[in-house]
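Hi,

Here is the structure I promised to send over. Have a look at it first, and then read on for my notes.

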Amino acid sequence: MVSLSTSLEQSAPRDGDPTVMPPVVPQGSVGVVSPEFIAFDEPLTLASGQVLPSYELAVETYGTLNADRSNAVLVCHALNASHHVAGISASNPKDIGWWDNMVGPGKAVDTNRFFVIGVNNIGSCFGSTGPASINPATGKPWGAAFPMLTVQDWVQAQARLADYFGIRKFAAVMGGSLGGMQALGWAISCPDRVDHCIVIASTPRLSAQNIAFNEVARRAILTDPDFHGGDYYAYDTVPRRGLSVARMLGHITYLSDDDMAAKFGRAQRAPAENGEYHYGYDVEFEVESYLRYQGEKFSSYFDANTYLLITRALDYFDPARHCDGDLAQALSDARAEFLVVSFTTDWRFPPSRSREIVSALLKSRAPVTYAEIDAPNGHDAFLQEDRRYHSVVQGYFDQIAARLALGERTMTNGVLA
Amino acid sequence: MTMGATIVNGQAIRPDLIRIASWVERGSRVLDLGCGDGTLLAYLRDNKGVDGAGVELDDDRVIASVRRGVRVIQQNLEEGLALFDDKQFDSVVLSQTLQSMHHTEHILREMARVARYGIVSFPNFGYWPHGLSILAGRMPVTGQMPYQWYDTPNIHLCTLKDFEDLATRLGLRITHLAAFNRQREVRFLAGWRSTLAVYRFESPGNTGHGA
């Protein structure tokens, strides 16, 4: 670990308190970061027909936008992530960006050459306008009245963010899982504004099984007595139990069977004497303890209405819907080059779903590269530090840099260092 | 591989790949099955303006192809070419891979389906020293087939005549043959004297001229 004192001094102003030590910034980190909040007053007409009169987006950026604004990369987040893609949060030094292993100086997405934007989507709960925000019409939290959202709505809001930065065309739009759907949405609805579209561990549409899992998660929240029809803010409570169960369920789908077997097996948490069972419903196995902990942690910071909203947006995503299910036709106007990546043990969005995207792209004659990474971590692999995965993404971004004359890589940090 | 290489634009290119490239039309669409590190496709892109795509299973080779800016689809060829449409390409190349595939006929039929022209190269089992080796009681181990019988990936070895028979049976019309021994092209008694054969065929159902 090497501290980069320059980036630290620049980005972590302190109030003259000598007792507060700045966090140590590891090599390859973008350093200490703070979000900006950008307000949009032009109403946003949503796919549902509803209108969001105004909204604010929480945004983090890393690297420098070049003079001709050609080096911008938009990173789209999945269900439970945010604009905090990389670096160390200024407000909480323990809060490291969710894709910090991917984005930074000398990392696969090299912020020495690319200007990277992380944006929290509307409807989320990390700073952008969402159900917990105040509805200007009532002066109270939106709650259940917050409009339903789709991936397409997010793309529309992100396009306005691009306008705000004066970015006509992104060098790349990238994301994993739900983030990959947004990248795909960009390539379809803003074909002239995306040079490269990077779709990782994603799917062209949810399967019945995917929707079923989402529905069970939503039922857990909706039937929690503390949900109060979505207006729990007024009762000064949150549907903690329902949200916790929803998260536990979701978490199972992010891991592979092998991964869970390796991590937990049938290990007992605190066996009775002689390794005996307790013969009860308290935590008996390690895996239960882990899931309960994940659920409880999640329910302490995530908004239940946001969980409902985003799982529904996942369900609704289906770009081929208006083309009789013909994804190739839906993609026929896309102008981007594509990188599609899947992971062999991902059973939430398995390789077969990514191959559907690849097949449609090939049919529509779009340039596409596809990597199928034999990683053990299930759906979560897209956040992990697999060398092959990172080599593919890094190699691809280095090619983008070459094509756009953004210069050579001067250092390699992170997974491939 | 022991074949000598030509240096083009700083890249080392084997003579069989140069020959394959000579059969590919400028600006056409090419699918390279088992594209390795993307050498052939990068060469075709840089020298013939070819719009190419590769298929490769090996992680490191996929990564090498990506680093060259070659478009590659990571997939096992034994699973067929279901990702690709009928006649999606002008030419499809299967370079030094046929002999190690389980489903030999299937991949040739698939090649004929996805492209108008197919190009196949394989080590020539009919190379005369192989015969000597067998007469001496040993399986042949030579430059083009450097494996012992127990660790070879080559499960479907054939001679030039054997391949031509199969091509005929599958309705593939052979338009070109080039044969090599190390870095040299062999024109005389190629069936005996060459270690590597490269065929170009026209897929069934084409009405165009094949030459």
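Before the notes, one definition: I call it a salt bridge when a side-chain nitrogen of Lys or Arg sits within 4 Å of a carboxyl oxygen of Asp or Glu. Please also keep in mind that this is a predicted model.

On confidence, chain A has an average pLDDT of 94, and 95% of its residues score at least 70. The stretch to treat with care is residues 1-16 of chain A, where the pLDDT is below 50. That stretch has 17 contacts in the model beyond near neighbours in sequence.

Now the interface. On the chain A side 20 residues are in contact with chain B, and on the chain B side 17 residues are in contact with chain A. Together the two chains bury about 1800 Å², with carbon and sulfur atoms giving 55% of that area. Which three residues of chain A supply more of its buried area than any other three? They are A:Leu362, A:Arg365 and A:Tyr370, and they supply 28% of what chain A buries against chain B.

As for polar pairing, there are 3 salt bridges between chain A and chain B, along with 9 residue pairs in polar contact, counting pairs with both residues at pLDDT 80 or more. At least two residues of the chain A side come from each of α10 (351-363), β16 (368-373) and α11 (387-403). Sorted by class, that side of chain A has 9 nonpolar, 5 polar and 6 charged residues.

A:Arg388 counts as partly exposed because its relative accessibility is 23%, whereas A:Asp386, at 13%, counts as buried.

Over all chains, a search of the whole structure finds 34 salt bridges. Another one in chain A joins the side chains of A:Arg205 and A:Glu356, 3.2 Å apart from N to O. A:Arg205 is in the loop between β14 (196-200) and α4 (208-222), while A:Glu356 is in helix α10, so this pair ties together parts of chain A that are 151 residues apart in sequence. A:Glu356 is partly exposed, with 31% relative accessibility.

B:Glu105 belongs to helix α4 (residues 104-114) of chain B and B:Arg169 to helix α6 (residues 160-169) of chain B, so the bridge ties together parts 64 residues apart in sequence. B:Glu105 is partly exposed at 30% relative accessibility, and B:Arg169 is exposed at 56%. There is also a network made by salt bridges that share partners: it joins A:Glu337, A:Arg403, B:Arg29, B:Asp51 and B:Arg71.

Is A:Ile400 buried or exposed? Its relative accessibility is 1%, so A:Ile400 counts as buried. Apart from neighbours within four places in sequence, A:Ile400 is in contact with A:Phe114, A:Ala171, A:Ala172, A:His196 and A:Ile198.

Cheers

Conventions
Residues numbered from 1 in each chain as written. Chains lettered and ligands numbered in written order. Heavy atoms only, no water. Contact = heavy atoms within 4.5 Å. Buried area = accessible area lost by both parts, 1.4 Å probe. Polar contact = N/O pair within 3.5 Å; in protein donor to acceptor, adjacent residues only side chain to side chain. Helix = DSSP H or I, 4+ residues; strand = E, 2+ residues; numbered from the N terminus. Nonpolar A, V, L, I, M, F, W, Y, C, P; charged D, E, K, R; others polar. pLDDT = per-residue confidence, 0-100. Buried < 20%, exposed > 50% of the residue type's maximum accessible area, 1.4 Å probe, protein only.
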